[in-house]
2 protein chains.
Amino acid sequence: MGGTTSASSWAEHAGDRLAAAGYRRGGARRTVIELLSEQECALSAHEIEDALRSSGRQVGRASIYRILEKLAELDLVTKLDLGTGIARYEIADPAGRDHHHHLLCDDCGDLVPFSDPELERVIGRVSGRLPYPVRGHEVTLHGSCDSCSHA
Amino acid sequence: MGGTTSASSWAEHAGDRLAAAGYRRGGARRTVIELLSEQECALSAHEIEDALRSSGRQVGRASIYRILEKLAELDLVTKLDLGTGIARYEIADPAGRDHHHHLLCDDCGDLVPFSDPELERVIGRVSGRLPYPVRGHEVTLHGSCDSCSHA
DNA sequence: ATCAGTGCAAAACATTTGCAGCATG
DNA sequence: CATGCTGCAAATGTTTTGCACTGAT
């Protein structure tokens, strides 16, 4: 699956998109975008804050939320609420290359990404039958990971 | 789709299940179960509180949360967090008769239920390929309802 | 130099928990 | 009549907002 190449191009794309929409891209905003572009799967606001602090690029909590909100508004990131009460965010790939869904361990919160072309096809077909246009979708599978089910 | 019949049988089933698990079914608990059994789609804790107050059967907020938690624990209701930061709850049909998913209007929170047998089939197939057993799933489609998109 | 962006602290929000009294089985 | 259930109020944890200051363009 697309690694560093598509990730860093996402960071560029995000910066360009912000500039095109009349926003600035410096400071904390660039920092958060860079962190997100390095991730393979969704992160919570708190995890983002901790990761940035660890890497020496501390950003205020409120700024993180504001930045994520703006990125979600521009469809550059996807906000996920998988039933844990904590929102997670991950980069949205406009070309759909890295489009995927999640298997969540209900006990420990562990997240496993997966993708399936037929699933996408069926969702597309179903979407066409609904009363108003569908802009996006999420599929969340629930289970207990090996560590938790062996406990 | 199963209307009053399966709904009222769910209320009975829920009561029996509680009793079998050693819990009592009177008072607030019965009230919440009755309200849930009358719904066609998911309700938030706040909506449940308001609905009960309107119908003259007021139940404390904490009790509502505790009851919903217990019902979810017994797999009698499903807890949904569709990305709004507010959890919603709906009855879980053990036979799968009323199994459905949701189209959510991201602007006003309007919820439209839908179901599709092929979607279920594909999800079942995908589930078999994942690293640990899948106990359940949710599909959420996002869009803007007619009222919101015309605004 | 200007105005958006940022950080801090306090507010708002849904949800959870502690405890005293009440009602179910 | 004993134990679990309920309601209230306070606590918790996440997310949002107000305001003064900083920094990108």
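Predicted model: local features only at pLDDT ≥ 70, side-chain atom pairs only at ≥ 80, totals over all residues.

User: Which residue in E6(B) is the bridge partner of Val134(A)?

Analyst: Strand E6 of chain A, residues 134-143, pairs with E6(B) in the antiparallel sense, over 9 bridges. Within that pairing, the partner of Val134(A) in E6(B) is Gly143(B).

User: Which element gives the most to the side of chain B that touches chain A?

Analyst: The contact takes 38 residues from chain B and 38 from chain A. Across it, the rule finds 16 residue pairs in polar contact, both residues at pLDDT 80 or more. On chain B, strands E2, E4, E5 and E6 plus helix H5 each supply at least two residues. The top contributor, with 10 residues, is E6(B).

User: How many salt bridges does the rule find across the interface of chain B and chain A?

Analyst: The two chains bury about 3200 Å² between them, with 55% of it on carbon and sulfur atoms. There's charge pairing too: Asp106(B) and Arg135(A) meet in a salt bridge at 3.7 Å, N to O. Across the whole interface, the count of salt bridges is 10.

User: What does a polar side-chain atom of Arg24(B) lie 2.9 Å from?

Analyst: Arg24(B) is among the residues that come nearest to DNA strand C, of the 24 around it. Arg66(A), though, has a polar side-chain atom 2.9 Å from a base nitrogen. For Arg24(B), what lies at 2.9 Å is a base oxygen of DNA strand C.

Technical notes. Residues numbered from 1 in each chain as written. Chains lettered and ligands numbered in written order. Heavy atoms only, no water. Near = heavy atom within 4 Å. Polar contact = N/O pair within 3.5 Å; in protein donor to acceptor, adjacent residues only side chain to side chain. Contact = heavy atoms within 4.5 Å. Buried area = accessible area lost by both parts, 1.4 Å probe. Salt bridge = Lys/Arg side-chain N within 4 Å of Asp/Glu carboxyl O. Helix = DSSP H or I, 4+ residues; strand = E, 2+ residues; numbered from the N terminus. Pairing = 2+ DSSP bridges.
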